[in-house]
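User: I would like to go through this structure and understand what stands behind the terms used for it.

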Amino acid sequence: MASTIASVTATAFDSNKVTIIYVLGGPGAGKGTQCGKLVEDFNFSHLSAGDLLRAEQNREGSQYGDLIRTCIRGGTIVPMEVTIKLLEVAISAELRERSGPEWSHGRGRFLIDGFPRKMDQALKFDETVCIPSQILVFEADQEAMMQRILERGKTSGREDDNLETLKKRFQTHNELVEPVIKYYETQGRVVKINSNQSIEQCHKEASAAVLKVLV
């Protein structure tokens, strides 16, 4: 009995108070755009795993900077310990600093964009940080996603917004992220949204989905 209780209470945050929604989809599927709209409507905190990693790689004195930079340039996945720790620290900071009725008495609501990207990340986060309430998956044709990213790359300044890295990112998504989505589908937590649709229709469907799990 003791071991069972320990396993239940081992997470850093209580999923009954903290709502975690993973936002997944291939590069250019519209995750960032839709997260921005959900933040406006529901007072979420939007945590982008990629943005956290890019900030950490540029932080002076970071012990992970070179490792993160190598992974991003190569289109490969940063070791899970680094990404999970950055997310946990960011969640803690938001819970301390945010205000409003959605953020009182230890409560909070988070969109985690671009994570998890491997099964070990998913299992470790669920075990040690917080169990997600929902997984939003934005799906689009690969050609459409590629064109969006290449267009973004003209002004984004991101090292990974180029054709060579993009091909690796699509391969990584297909090989590693899809099994994560299937895993959560068996738990009934996945909502898939066709992001070939208009931004407005995607937002309508995403809003209806998240309303079902907000605490």
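User: At what angle do the axes of helix α6 and α8 cross, and what makes α6 oblique to α8?

Analyst: This is a predicted model, in which local features need pLDDT of at least 70 and side-chain atom pairs count only at pLDDT 80 or more, while totals for chains, interfaces and linings use all residues. Residues are numbered from 1 along each chain as its sequence is written, and side-chain values use heavy atoms, with hydrogens and water left out. The axes of α6 (residues 119–128) and α8 come within 8 Å and cross at roughly 45°. Angles under 35 degrees count as roughly parallel, over 145 as roughly antiparallel, 65 to 115 as roughly perpendicular and the rest as oblique, so α6 is oblique to α8.

User: Which residues make that contact?

Analyst: With contact meaning heavy atoms within 4.5 Å, Met 119, Ala 122, Leu 123 and Asp 126 of α6 meet Pro 179, Val 180, Tyr 183 and Tyr 184 of α8.

User: Why is α2 called oblique to α9?

Analyst: The axes of α2 (residues 31–42) and α9 (residues 199–211) come within 10 Å and cross at roughly 55°, which makes α2 oblique to α9. Among the residues of α2 that meet α9 are Thr 33 and Phe 42.

User: What is the volume of the largest pocket, and which residues are closest to its centre?

Analyst: The largest pocket has a volume of about 780 Å³. Of its 39 lining residues, Lys 31, Arg 54, Gly 114, Arg 158 and Arg 169 are the closest to its centre.

Note on methods
Axes are lines fitted to C-alpha atoms, for helices over the stretch in contact, and angles run from 0 to 180 degrees between N-to-C directions. Helices (H or I, at least four residues) and strands (E, at least two) are DSSP runs, numbered from the N terminus. On a 1 Å grid over the protein atoms alone, a cavity is a set of points where a 1.4 Å probe fits but cannot get out, and a pocket is an open set with protein on both sides within 12 Å along at least five of seven lines; lining residues have an atom within 4 Å of a point. Grid points are joined across faces, edges and corners, and a volume is the space filled by probe spheres set on the points.
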